[in-house]
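Me: I would like to learn how to read a model of this kind. Where should I start?

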Amino acid sequence: MRMWKRFLQEEDALGTVELILIIVVLIGLVMIFKEQLRSLVTNILSKITSQSNSI
């Protein structure tokens, strides 16, 4: 019974590991698609700026 309780307590750290893995994957995706993301953001901001001037 004591081993079962210890096993359940160890599972709490699994959420931390999953969160770290998700962050690592997101950082990797940003690094891979950095230029595409930069051009997309630049395009969106330029459209916002040009359309806000017409108001």
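Reply: Start with confidence, since this is a predicted model. In the chain, helix H1 (residues 2-10) has the lowest confidence, with a mean of 69, while H3 has the highest, at 92. For the chain, the mean pLDDT is 84, and 82% of the residues reach 70 or more.

Me: What percentage of the residues in the chain is buried?

Reply: Buried residues account for 0% of the 55 residues. The chain has an accessible surface of about 5500 Å², and carbon and sulfur atoms contribute 70% of that surface.

Me: Which residue forms a salt bridge with Glu35?

Reply: The test is a distance: a side-chain nitrogen of Lys or Arg within 4 Å of a carboxyl oxygen of Asp or Glu. Arg38 pairs with Glu35, and their closest N and O atoms are 3.5 Å apart. By this rule the count is one salt bridge.

Me: Where do Arg38 and Glu35 lie?

Reply: Both are in helix H3 (residues 34-53), three residues apart, which is about one turn of the helix.

Me: Why does Arg38 count as partly exposed?

Reply: Partly exposed covers the range between under 20% (buried) and over 50% (exposed). Arg38 has a relative accessibility of 49%, so Arg38 counts as partly exposed.

How values were computed. Residues are numbered from 1 along each chain as its sequence is written. This is a predicted model: local features need pLDDT of at least 70, side-chain atom pairs count only at pLDDT 80 or more; totals for chains, interfaces and linings use all residues. Side-chain values use heavy atoms; hydrogens and water are left out. Helices (H or I, at least four residues) and strands (E, at least two) are DSSP runs, numbered from the N terminus. Buried means under 20% relative accessible area, exposed over 50%, partly exposed in between (1.4 Å probe, protein chains only). pLDDT is the predictor's confidence in each residue, from 0 to 100. Accessible areas come from the Shrake-Rupley method with a 1.4 Å probe; for residues, only the protein chains shown count as cover.
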